[in-house]
Amino acid sequence: DGIEQERFQELINPQYPIDSFITELTGITNKMLEEARFEEEVMIDFYNFINDSIVIAHNAHFDINFIYDSLLRVHNIKFDNDFVDTLRISRRLLTELKHHKLKDIATYFNFEYSSAHRAAFDAELTFKIFESLREVAIKEYGTIQSFIEFCKKSSSLNAKDIVGDTSKIQVNNLLYDKVCVLTGKLEYMTRKEAMQTIADIGGINANGVTKKTNYLILGNFDYTTNVKGNKSTKLRKAEKYILEGQDLQILSENAFYDLINIKM
């Protein structure tokens, strides 16, 4: 009928077409999506398939945010499943790796990676990586519970414990001699790595936001959550100080990477 024809036209002439960058990155083109199913159909099938299962994903917050937003928008469903992030597990276990992209970990475990960015392949690869990381964790820590306990203990960082490398000081960097506070989960660095970089530059790490704070660095995932209205205590305090006229700036994670000259 007329309505279905209109929907079909919207599909083949999408309001938000895939741009050339995404096509080059993934190999997915607008042509390939001409006969794709509608979002509301796919998402409800996905939701029914997942049910209350634990989700395993690589860089999980990235995917979970899309799933959460889509289900809420098209079906008014709040997606609150527990999930496991193989990216964060890899950072804990494979410390010798410089990068922890899916491709890097697949290469480490000698897994095929030629069909990346295709749903079934990526899902199967992520599960194989999860199983391999599980084996590494058991080998190094004896049990999964021991590994979990180690992660809990090591996640408690004190800014005063981070000592900078004086040979790496950058007096012309905007972070030099500035008090920096991190909030939220970083996408491409661990909290400790970020604090170490700040210290090496000559910046001053702090645990909480005070009137002495110069920069509050907001993790990309935390920023996404805050856009939805759930602001962290550190962010609320920083905004209060800014309104009072304090010299304090809020930096996104990407802006932070630009300041420390790291390209992602």
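**Salt bridges in a predicted model**

E34 is partly exposed, with 29% relative accessible area. This is a predicted model. A search of the whole structure turns up five salt bridges.

**E34 and K31**
- E34 pairs with K31 in a salt bridge.
- Their closest N and O atoms lie 3.5 Å apart.
- K31 is exposed, at 61% relative accessible area.
- E34, by contrast, counts as partly exposed because its 29% falls between the 20% and 50% cut-offs.

**E244 and K240**
- A salt bridge links E244 to K240.
- The closest N and O atoms of E244 and K240 are 2.8 Å apart.
- E244 has a relative accessible area of 45%, which makes this residue partly exposed.
- K240 is also partly exposed, with 46% relative accessibility.

**The R37, E41 and D45 network**
- R37, E41 and D45 belong to one network, joined by salt bridges that share partners.
- E41 is partly exposed, at 34% relative accessible area.
- R37 is partly exposed too, at 48%.

Key
Residues are numbered from 1 along each chain as its sequence is written. This is a predicted model: local features need pLDDT of at least 70, side-chain atom pairs count only at pLDDT 80 or more; totals for chains, interfaces and linings use all residues. Side-chain values use heavy atoms; hydrogens and water are left out. A salt bridge is a side-chain nitrogen of Lys or Arg within 4 Å of a carboxyl oxygen of Asp or Glu. Buried means under 20% relative accessible area, exposed over 50%, partly exposed in between (1.4 Å probe, protein chains only).
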